[in-house]
Amino acid sequence: MSKVIIMTDSNSGITQAQAKEMGVVVLPMPFYINEEMFYEDIDLSQEQFYEKLQAGGDIKTSMPLVGDVTDKWDELLKEYDEVVYIPMSSGLSSSCETAYMLSQDYDGKVEVVNNQRISVTMRQSVIDAKNLAEAGKSAKEIKDILEAAKFDSSIYIMVDTLTYLKKGGRITPAAAALGTLLKLKPVLQIQGEKLDAFAKARTVKQAKNIMIEAMKSDFEKRFDSADGRNINLEMAYTHDLEAALAFKEEVQAAFPENEIVLNPLSLSVSCHIGPGALAIACSKKIDIK
């Protein structure tokens with residue numbers, strides 16, 4: 001049986017310390033802040049990131065450096081037979097396509113998974129991949145299983161401020177000004193490919209209800225599991241843990257049969273939506289045989 005190691009990037013929200021506990025490898029994502037490069041969870045913490053963001057810093061996301069990726073693969077292949085690499089969704093970054101092209105030089109020893117995940121749903125993919133590897137699956141088998149389920153996930157995000165969507169060019173300045181005037185709380189969705197508009201709420205309470213009802217609908221209609229038994233339920237937030245914990249109580253009441261995993265939203269998404277965001281996410285459970 002091949003020795004398979006699971007590798008992802010920090011868009012999964014898995015910290016370096018957590019990666020060691022889980023027995024996986026996390027490649028830190030680079031960020032440019034006022035033209036200076038930082039690596040997530042290496043020399044850029046969540047707290048430092050939000051300090052710089054709220055101070056008006058010019059923050060740009062970047063795909064991992066090619067050398068960082070291949071050097072890590074080369075290092076891992078000295079100890080392991082195969083690498084399963086799970087980068088962020090190809091709909092959100094070109095890093096997945098680049099990694100796939102690089103993997104072609106590794107004679108099947110590196111399998112790049114394009115299963116359209118980000119943040120907490122991507123984290124679940126890493127856990128699934130680790131469990132599949134422990135069950136004796138090869139890197140190719142793990143890739144095929146994860147990609148077959150690539151659209152079996154859902155994320156809804158309430159944005160507290162329109163400032164960062166405007167700054168990133170995702171909405172026009174006029175739309176941002178109107179939304180701010182009307183005190184709108186947009187609800188965005190990630191259904192695999194990319195970040196899209198889903199609904200507009202006038203209050204935080206209304207936005208929360210919209211997300212909970214959307215998730216109930218997904219459980220029943222998309223995933224055929226109204227009771228949530230076959231679903232991993234996750235939550236994410238940006239910067240405000242207290243608000244996230246309060247919302248978690250509401251979500252738990254709506255989904256009493258599900259254990260909820262709560263983690264910070266990855267910084268690559270956070271820089272586009274800003275602090276104060278709340279998210280519900282889910283993914284269909286994978287059969288580990």
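The buried residues of helix α4 (residues 95-103) pack against α3 (66-76), β6 (82-86) and β7 (110-112), contact being heavy atoms within 4.5 Å. The model is predicted: local features need pLDDT of at least 70 and side-chain atom pairs pLDDT 80 or more, while totals for chains, interfaces and linings use all residues. Residues are numbered from 1 along each chain, and side-chain values use heavy atoms, without hydrogens and water.

S95, C96, T98, A99 and S103 of α4 are buried (under 20% relative accessible area; exposed is over 50%, with a 1.4 Å probe and protein chains only). These residues span an arc of only 160° around the axis, so they lie on the same side of α4. E97 and M101, on the other side of α4, are exposed.

Two helix pairs were also examined. Helix α5 (residues 119-134) packs with helix α6 (residues 139-148) at about 140°, the axes being 10 Å apart. Angles run from 0 to 180 degrees between N-to-C directions. The crossing of α5 past α6 is right-handed (near helix turned clockwise from the far one by less than a right angle). S125, D128, A129, L132 and A133 of α5 meet I142, I145 and L146 of α6. This contact comprises 6 nonpolar, 1 polar and 1 charged residues.

Helix α9 (residues 204-222) and helix α10 (residues 241-254) cross at roughly 35°, with axes coming within 11 Å. Here too, α9 passes α10 in a right-handed crossing. K208, M211, I212 and K216 of α9 meet F247, E250, V251 and A254 of α10.

Terms used
Helices (H or I, at least four residues) and strands (E, at least two) are DSSP runs, numbered from the N terminus. Ala, Val, Leu, Ile, Met, Phe, Trp, Tyr, Cys and Pro count as nonpolar, Asp, Glu, Lys and Arg as charged, and the others, Gly among them, as polar. The arc is that of the directions from the helix axis to the C-beta atoms.
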